[in-house]
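Please walk through the structure shown below, beginning with the fold of one chain and then turning to the contact between the chains.

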Amino acid sequence: MNYDIYRYIDGQMSKGETENFEKRLLLDTVLKKELDETRHKLSVISDAGKFVEADQTYFSNITANFRNRLETKRSPRRFLLIKYSFVLPALVITITASILFFRNPASNTVTLKQVISEYDDKAKNQLIDEYSDNSLAAAAEVPDVPEAKADELAGKQLAKEISADDESLNRAMPLNYAEFNQVMDNLSDKQENYIYNEMINKKIL
Amino acid sequence: MAITESDEQLIKDFVSGSEAAFNRLIHKYQQKIYWHARRMTGNHLDADDIVQEVLLVMYNKLKDFKFESSLYTWIYKITSTRSLNLINRRKIKDFFSLDDSENKIDIHKDEDIIGGIENREKLEKLNSVLQKLPAKQREVFILRNFDELSYDEISEITGKSAGALKANYFHALNKVTDLMKE
């Protein structure tokens, strides 16, 4: 393509250049023919691009389609948020369970019943004495202290150790040794474990 | 209502929370976005994807619009960038033969919004010419010839100097007129 034709068509010429070019066109038929052909080709292309009838329904629906897409894009995010909201608690539970498992292997987990069953009556008394206060120890050493009184003191002390409140203390006490054994026998596994754990926490065992 | 509202007012209303203002912006610019994308990509489905992508970008980024340029050049910039990205992605896919081109063409014909054999033939002729231009030349040719933008506006959209754009347009015109001879 002639560069002047391009500049003329594209409107890049100054006023003076345009006037000169148009004068040339009047004299130069080859140049004029080339200009006409170029213009025709460009008009065919432009018409093909500019004046195409399209289905206007598509354009009417663009907004609705966009709103739908927007909603669809938001939904997975919400779904993912809900989905992953379970991950953190699950992770915490898993880690905690793992730590507890490895710190307290099954072989080391014993119930209160098992602990007590390893003691004979004498040892049990010794145990009670060991964790009793001075008054109990003193009472144990004095032969004329009634056995019921010693049991009561021992029961109170044990209840205090496992943080029983006053009300439960009143309900549970006084107990003699036989009653204490009976109470222990009637404890459920859950209760036993609770007491055992409390004792562990308070460094009683 | 109020098609004549200024872009600035519509943007301010949208940023203030008016979804209706954004709908009006869509209505105002949807044809320009679609036809620019359509001429760049050469088919309806890709153009439709680009329209939706551009609208999404507008929706998310309009709050940051600084009015340093006109809204329509900003929209053209997004549309052009998205179109060029899609064309590049398509080239890569074609290179690795990830697309079934024959099926794709059939789907595009079924989904097209252009009605009438004559219209379709005209557009196919246009596409056959435009798709033979390198993407950057095609971009300049379309912006200049169909969207009738000035070189300054095209420069704002493409980031190229006016001189470089004029050279690009000259090469594009030469190729187009040559291709029209075939």
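**From fold to interface**

Along its sequence, chain A reads α-α-α-α-α-α-α-α-α-α-α-α, with twelve helices and zero strands in total (DSSP runs numbered from the N terminus, H or I of at least four residues for helices, E of at least two for strands). This is a predicted model, in which local features need pLDDT of at least 70 and side-chain atom pairs count only at pLDDT 80 or more, while totals for chains, interfaces and linings use all residues. Residues are numbered from 1 along each chain as its sequence is written, chains are lettered from A and ligands numbered from 1 in the order in which they are written, and side-chain values use heavy atoms, with hydrogens and water left out.

Of the 205 residues of chain A, 26% are buried (under 20% relative accessible area, 1.4 Å probe, protein chains only). Among its contacts (heavy atoms within 4.5 Å) between residues at least 6 apart in sequence, 54% join residues at least 24 apart.

Turning to the interface, 40 residues of chain B are in contact with 32 residues of chain A, and the area buried between the two chains is about 3,400 Å², 63% of it from carbon and sulfur atoms (accessible area, 1.4 Å probe, lost on putting two parts together and summed over both). B:Gln52, B:Ile113 and B:Phe170 supply 18% of the area that chain B buries against chain A, more than any other three residues.

Three salt bridges are found across this interface (a side-chain nitrogen of Lys or Arg within 4 Å of a carboxyl oxygen of Asp or Glu), and B:Glu19 and A:Arg67 form a salt bridge at 2.3 Å, N to O. On chain B, the helices that each supply at least two residues to the side touching chain A are α2 (19-41), α3 (44-61), α6 (117-130), α7 (135-145) and α9 (162-181).

Definitions and conventions:
Buried < 20%, exposed > 50% of the residue type's maximum accessible area, 1.4 Å probe, protein only.
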